[in-house]
Structures are given as C-alpha cells and as structure tokens.
2 protein chains.
Amino acid sequence: MQELLEYLGAIQPKVNETLAAETGTLNTMVQPVATHVLSAGGKRLRPLLAILFARALGRGGDDIYPLACSVELLHSATLLHDDIIDDAALRRGLPAAHTLFGSTRTILAGDALLALANLIVSRYGDTRLTECIARAIIETATGEIAEIEYLRSTGHPQETYIEIIKGKTAWMIQASCQLGAIAAGATAQQEQAACDFGMNLGIAFQIVDDALDFSPSAGETGKPVAGDLREGKLTPPLHMYLERLEGADRQEFLHKFTTGTFSDADVDNVARAVRGQGLDKATRDLADTYLKKAADALHMLDESREKTVLRQTVDYVKNRSR
Amino acid sequence: MQELLEYLGAIQPKVNETLAAETGTLNTMVQPVATHVLSAGGKRLRPLLAILFARALGRGGDDIYPLACSVELLHSATLLHDDIIDDAALRRGLPAAHTLFGSTRTILAGDALLALANLIVSRYGDTRLTECIARAIIETATGEIAEIEYLRSTGHPQETYIEIIKGKTAWMIQASCQLGAIAAGATAQQEQAACDFGMNLGIAFQIVDDALDFSPSAGETGKPVAGDLREGKLTPPLHMYLERLEGADRQEFLHKFTTGTFSDADVDNVARAVRGQGLDKATRDLADTYLKKAADALHMLDESREKTVLRQTVDYVKNRSR
C-alpha cells in the first residue's frame, strides 16, 4: 500500500488546486455550492485513476490534471443531485448542500458542474474524450433510476443488481480510466484494458460497500448499520440471505421488505444473521471475482510505478474496512 | 411571415423524427420522461435557428439535424429541472413531468438529456461545438440562480435584469445560432454575427414575454395575468412602473413587492396601471432595440432563403401576441 499512499499524497494537493481553479471560473452565485461539495473531501479516487492510466501509458506533464479533475466534478454533480433525491441530511459528515443552499441552487449548481466538466474536456480538442464522459453521465443517471425502480423489489436476479451498480457507480470509474488512456494516445487494446480495469474495479467497489453495510463498525462511518435493508435495496448479502430463507420466515421477510416495515429489532436480527451465516464474507468473495478481472486487465500495461499503484488500488478495494 | 411558416413546416417533421430517434437510444427507464417533455411541443425555435445559420452559411444536407436537435434536448433538460424548482403543475398545458414521474426520475432524466446532447455534439468531431454548448449550459444555470437571488428585490438597475435574462434565456438561443455557424465552417466574423443575432434575439424574446405577462389575454395562455408581479420578478414593465411611483404609493408597493403580499385586487390594479401608462408598449420598445441589433447582425450574411426567414423570425418575436 506504501506506493499508493505516496502517490495519492503527491497528487492530491495539485488535484485540489486544480479543482479550486476550475470551479473558481464559475459565477459567484454557483461557486459556494461547488466549493462546499468539493471541500467535503473524498479520496479523489477518480482523478487518481485518470492520472495513473495517462502516466502508465506514457503521457507525462501536468496538463493532465484538469482532465483528471473533470470526473471529480461530474461525480460531485451527481452527489448534489442524489442528495436532493434522497433528501439526505449529511454528505461525508457535513450538511448536504441542499440543506444549506436550497434545492434550487443545488440542482442548478449540479447542472453547472456537469457542464463545467464538459467544458474542461472540450479544451483537450478530442471529441472521444467528450463522448466518453457524456456516455458515463447517461449511464450513471440510468443506473440511479434503475436502482429506485427496483427498491423493495425481490423477484429480480442478481444480474439485475450488477447492471444497476455498473450504472450508478462503475461507469464513472471506468470513464476515469478511459479518459487517461485516450489522453495518452493508447492503442485500442490498451484503452479496452483501461475500461475493463475501471468497470470491474467499480463493480467491486460497490459490492464491498454493500458488504460493509453489515459490518458492526458501519455505525462509525456515520451510516446506520444495514441501511440498505431499511431502504429496501436487495444487495448481494440480502439476496443471499433471502435465498436461504424458507416457509413462514421467508414470507415474513418478503412482506416486511416489500412494505418497508422492519423494526429496529428486525434489522438487528437480520444483520446478525447475515454475519452469522458468513454472507458479508461471501459478498466480499463475489467482489473478489471482479477484482481478479480488474487485476488481469493490468497485464496489458508495461511495468511502471503506476502499474504498481494500480495493483495496490485493487488491494485497497479488496481490503477496505470502512 | 409566409417563408418562416413554410420553412418551419418543412423542418419540423424531420426535427421531431430526429428527437425521437435520439431519445430512443436512452434506456427505457429514462425514455418516458424525455418523450413526455418533448411531446409537449414547442415551436422548435432552437433547432430552426441552428439549421438556418448552417444553411445560410453554406452547409447543406440532412446531417445537421442531430446537431440542431441537441439544443432542443438541452432546453428540455432545463425545463425538467426548472419545473421541479418552481414546483410547477403544468408545462405547455400538460402535467409537468415531475408530477407524473416523480422528482427523482425527472432530475435524473434531465441529467441524461444534458449528457445526450453532449454525446450527439461530440459525434461531429469538433470540440468547438462541445465548448459552445457547455458554456451555454453553465450560463443558463447561472442565470436561473441569479433570477432567484433577485426575486422580491427592487434596488438593482435594469442592467442586472438584462444580465439575468441573457443567462436564463438568451445564451441557449445564441448557442443554437453559433452551432449552426461553426458546423458550416463560418469565418470568425460570420460566427460572431450568428452569436450577436442569437443573443439579441434571445434578450428580446424574453422582454416581449415580460410585456405579454401584462396583456389582458395572458390568461388565455394558461398563465395568470401579471404572474411576474406575484412571483416578485422586477421585469421591465414593473421596473418602469416603480420608477414612476412616489410617496406613500411607492412605499406600499415596495412593502408588498418585497414581502410578496399583493392581493388579487392589488395585482389587477397594478396590471391596469401598467397598461394605462403604456408601460407594456414601452417594454416592447425596449425589446425593439435588441431586435434592431439582431437584424443588423444579419448584414454579414449573403442573401438567401434562410436570411429571409431569419429576418421574419425577428418580426415574429416583435409582433407575437401570446
């Protein structure tokens, strides 16, 4: 992990400086909302991936930074819109933007950030880059809608869930990797490898998140334990739990899941049973199948410091505990 | 007006067909929202302007249609978000999308349409086109936020109002004209003329709208008469009306305007006074100053059928009565 931490430490100041400079070009009416959502932090995973692929494939120099930051701006835009949709009070421990600035400014600041990302990308003079992020925005919005359509639904197969998280999480991570590859003038095979890495890493990232939702320490992250159960999201641990249920227990679970009527005690019981049956561990095993594909995609790259860091990013997703 | 009507009649079927084909590529979860907002109609003014400038500057062929439709998709995306912001019940006489599909799908469908527009534009392989629409989206969102910041405010000069409507209305109309010019390989002077035409036409379009808000027939369009007064928008007729008020009348108006406490009788009285003092007419005179600039910008174009139609578009905005 040492190389990953060092690399992140080296790029983060410049990433944050670039984000501040780009959002500084926005009108002063929009800026405070953008500054708020960006200052809540985050690991800047998406810019990191863009920079890693650009460098691993031979593009040096600092002019990659705005391009790398465009995906963080897109991600921030989706956070602004999501928090309104979920009526979330907090985002990364801080008040969600719409509770401070109102829904109006927050929706419009999200639109402005989407457009700012497109504007930055257009400066690079290659419409394949624009196409890449436009596609990712469409897929992200579609995945989020699909997630909502399937809330409190239980009849769909696990593959449907994978399609949903490809949209809501993995496409934007894939786009981060692809942007870096395109900017480096990658071959078609190298670009495909960047896409495969990003898509599989993104799917695994979300599945690990779903496993962590049942971790006893989930409360420490500020989220309620088994929040997905309360919200009616049939994530892999719950899908597996439901598959093992029979008879009256199954009927009762189905009724409460589809009507959203679990008591706090019910939630505790399910969370305990999920852990007791090792389903959080089985969920991480499922994530590992995608992480293996991500790692395999790296074989297309020559050895480099960046390839080492990309491998460690896979390990980071595999092992993260919060 | 004959040439304008014929031209519109000739392009509208192909515009609608293109809009249907492009939104047909969206996931089935997003499509119904897009189809709903687009099927509510509208004159397709923005695609018309893009096509007119492309053709006037020498680009023939039908492959301009998707580009021309991208601005209609952007416009539709802003309508979806605006209706949520305003909590509007109706849009062009039909139920607003969010009342049918919920805020979540409507916000996300708006995001998908913004991205679809970018995706379409990126297919043309010229990042100046992407830059043009990205800039227009940012300016539109900023203008809408500014409009809200200045609601129930009275101390600002008329210039502030013009800046607001440049953002919320005129930038996207300017972008429509500019896209057509760029796609036709216009010279810098021709492109600037297209921008000048669009910006001034857009400003005038909004000012005429503000005058029509005080027309006795406003009720027939489904909007309440003097809706801007009720909402606390200091549009040109109200700005002029306030300038003429003195003493206790002025104090009372200022109080009710800033607190949003006009009674129905108050609104009727102000609307009658605005018309009685000829301020709706004076507002149209203000619009004419921008329409004159728009018409002047056309001098850069050689004579053509499209130039005739563009001239008639200026007349249409000047004379429209609803």
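This is a predicted model: local features need pLDDT of at least 70, side-chain atom pairs count only at pLDDT 80 or more; totals for chains, interfaces and linings use all residues.

Reader: What rotation superposes chain A on chain B, and with how much shift along its axis?

Author: Two copies of a chain are related by a rotation about an axis and a shift along it. Here chain A falls on chain B with an RMSD of 0.0 Å, and the shift along the axis is 0.0 Å, for a rotation of 180 degrees. That is the relation of a two-fold axis.

Reader: How many residues does the largest nonpolar core have?

Author: In soluble globular proteins, nonpolar side chains tend to be buried together. In this model the residues with the most contacts inside the largest core are Phe53, Leu113 and Phe197 of chain A, together with Phe53, Leu113 and Phe197 of chain B. Helix α7 of chain B, residues 158-183, gives the most to this core, with 14 residues. The whole core has 192 residues.

Reader: Which residues does Leu113(B) contact, leaving aside its neighbours within four places in sequence?

Author: Leu113(B) is among the residues with the most contacts inside the largest nonpolar core, and its partners can be listed once the sequence neighbours within four places are set aside. They are Thr23(B), Leu26(B), Ala34(B), Val37(B), Leu73(B), Ser76(B), Ala77(B) and Leu80(B).

Reader: At what angle do helix α1 and helix α14 of chain A pack?

Author: Helix α1 of chain A covers residues 2-23 and helix α14 of chain A covers residues 305-319, and their axes are 8 Å apart. Because angles from 65 to 115 degrees count as roughly perpendicular, α1(A) is described as roughly perpendicular to α14(A). By class, their contact has 4 nonpolar, 4 polar and 3 charged residues. The angle itself is about 110 degrees.

Reader: Is Gln312(A) buried or exposed?

Author: Gln312(A) lies in helix α14 of chain A, where it touches Met1(A), Gln2(A), Glu3(A) and Leu4(A), not counting residues up to four places away in sequence. Its relative accessibility is 11%, and since buried means under 20%, Gln312(A) counts as buried.

Reader: How far apart in space are Leu49(A) and Thr313(A), C-alpha to C-alpha?

Author: Leu49(A) lies in helix α3 of chain A, residues 45-56, and at 0% relative accessibility Leu49(A) counts as buried. Beyond its neighbours within four places in sequence, Leu49(A) is in contact with several residues, including Phe197(A), Leu310(A) and Thr313(A). Although Leu49(A) and Thr313(A) are 264 residues apart in sequence, their separation in space is 9.1 Å.

Reader: Which residues of chain A are in contact with Ile137(B)?

Author: Ile137(B) lies in helix α6 of chain B, residues 127-149, and counts as buried at 4% relative accessibility. Leaving aside neighbours within four places in sequence, its contacts include Leu74(B), Leu114(B) and Asn118(B) in its own chain, while those in chain A are Asp111(A) and Ala115(A).

Reader: How many of the 9 residues of helix α10 of chain B are buried?

Author: Helix α10 of chain B covers residues 236-244, and its buried residues are Pro236(B), Pro237(B), Leu238(B), His239(B), Met240(B), Tyr241(B) and Leu242(B). They pack against α7, α8, α9, α11, α12 and α13 of chain B. The helix is therefore largely enclosed by the rest of the structure, and the number of buried residues is 7.

Reader: Near what value is the phi of Ala226(A)?

Author: Ala226(A) is found in the loop between α8 and α9 of chain A, and Ala226(A) is buried, with a relative accessible area of 0%. Its phi is positive although the residue is other than glycine, with a value near 60 degrees.

Methods
Residues are numbered from 1 along each chain as its sequence is written. Chains are lettered from A and ligands numbered from 1 in the order in which they are written. Side-chain values use heavy atoms; hydrogens and water are left out. A nonpolar core is a set of buried Ala, Val, Leu, Ile, Met, Phe, Trp, Tyr and Cys residues joined through side-chain atoms within 4.5 Å. Buried means under 20% relative accessible area, exposed over 50%, partly exposed in between (1.4 Å probe, protein chains only). Helices (H or I, at least four residues) and strands (E, at least two) are DSSP runs, numbered from the N terminus. Contact means heavy atoms within 4.5 Å. Axes are lines fitted to C-alpha atoms, for helices over the stretch in contact, and angles run from 0 to 180 degrees between N-to-C directions. Angles under 35 degrees count as roughly parallel, over 145 as roughly antiparallel, 65 to 115 as roughly perpendicular and the rest as oblique. Ala, Val, Leu, Ile, Met, Phe, Trp, Tyr, Cys and Pro count as nonpolar, Asp, Glu, Lys and Arg as charged, and the others, Gly among them, as polar. Copies are superposed by least squares on the C-alpha atoms of residues with pLDDT of at least 70 in both.
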